[in-house]
Amino acid sequence: MIIHIYYGGRGLIEDPTLYVCDKITDVLSELRVQVKRYNLYEEKNSISMLPKTLKDADGIILASSLEWFGMGGYMLQFLDACWLYGDKDKINGMFMMPVVTATAFGEEESYYNLTRAWKILGGYICPGISSYVDDHTDFELNGQFAKRIERITEDLYRAINQK
């Protein structure tokens with residue numbers, strides 16, 4: 001099984017989305033899933049080509065940190081590219097797990113926008129993670145959050161495995 005993570009943040013050290021992506025990768029690796037992460041800020045000059053990478057994935061994770069007014073521009077560019085250049089037959093029925101973390105208000109709306117965009121593209125939605133993080137160190141050191149991330153990731157694995 002192959003799962004791709006598309007991270008739409010800016011790669012800042014204090015971004016709690018990075019911790020969530022790393023935790024998800026650890027869980028999936030334990031389940032012997034091949035994980036490939038695309039940091040959209042590193043791929044900004046070739047975002048329009050990234051929908052081609054969906055072809056070899058069994059499922060994806062769209063991870064976005066909340067910017068000042070909704071999800072970041074890199075994630076929006078990626079979704080636009082999926083609409084314009086993505087293989088709709090491949091996307092149709094592909095499972096996606098949304099991950100949105102915020103240090104400012106508005107994570108629920110961004111989570112909703114990610115799921116709505118993927119549904120419009122024809123994909124399936126798995127329950128994901130939407131969280132407000134006041135202090136990223138407290139978030140990363142809290143065992144309850146880690147267990148919740150593990151449980152949600154295992155549910156993604158089961159959904160893709162059982163179709």
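**Figure 1. Salt bridge between Lys23 and Glu150.** In this predicted model, Lys23 forms a salt bridge with Glu150, and their closest N and O atoms are 3.1 Å apart. A salt bridge is defined here as a side-chain nitrogen of Lys or Arg within 4 Å of a carboxyl oxygen of Asp or Glu. The pair links distant parts of the chain, 127 residues apart: Lys23 belongs to helix H1 (residues 16-30) and Glu150 to helix H6 (residues 143-162). Helices (H or I, at least four residues) and strands (E, at least two) are DSSP runs, numbered from the N terminus. Glu150 is partly exposed, with a relative accessible area of 28%. Buried denotes a relative accessible area under 20%, exposed over 50%, and partly exposed in between (1.4 Å probe, protein chains only). The structure holds five salt bridges.

The model is predicted, so local features need pLDDT of at least 70 and side-chain atom pairs count only at pLDDT 80 or more, while totals for chains, interfaces and linings use all residues. Residues are numbered from 1 along each chain as its sequence is written, and side-chain values use heavy atoms, with hydrogens and water left out.

**Figure 2. Salt bridge between Asp87 and Lys55.** The side chains of Asp87 and Lys55 meet in a salt bridge, at 3.9 Å from N to O. Asp87 lies in the loop between helix H2 (73-85) and helix H3 (88-91), and Lys55 in the loop between strand S2 (34-39) and strand S3 (59-67), so the pair ties together parts that are 32 residues apart in sequence. Asp87 is partly exposed at 29% relative accessibility, whereas Lys55, at 51%, counts as exposed.

**Figure 3. Salt bridges of Glu154, Asp155 and Arg158.** A network of salt bridges links Glu154, Asp155 and Arg158. Within it, the side chains of Glu154 and Arg158 meet at 4.0 Å, N to O. Both of these residues, Glu154 and Arg158, lie in helix H6, four residues apart, which is about one turn of the helix. Glu154 is partly exposed at 30% relative accessibility, and Arg158 is partly exposed with a relative accessible area of 40%.

Figure 4. A search of the whole structure finds zero disulfides, a disulfide being a pair of cysteine sulfur atoms within 2.5 Å. The closest cysteine sulfur to that of Cys21 is in Cys126, 16 Å away, too far for a bond. Cys82 is in no disulfide either, and its nearest cysteine sulfur, that of Cys21, is 16 Å away. Cys21 is buried, with a relative accessible area of 1%, and Cys82 is buried at 0% relative accessibility.
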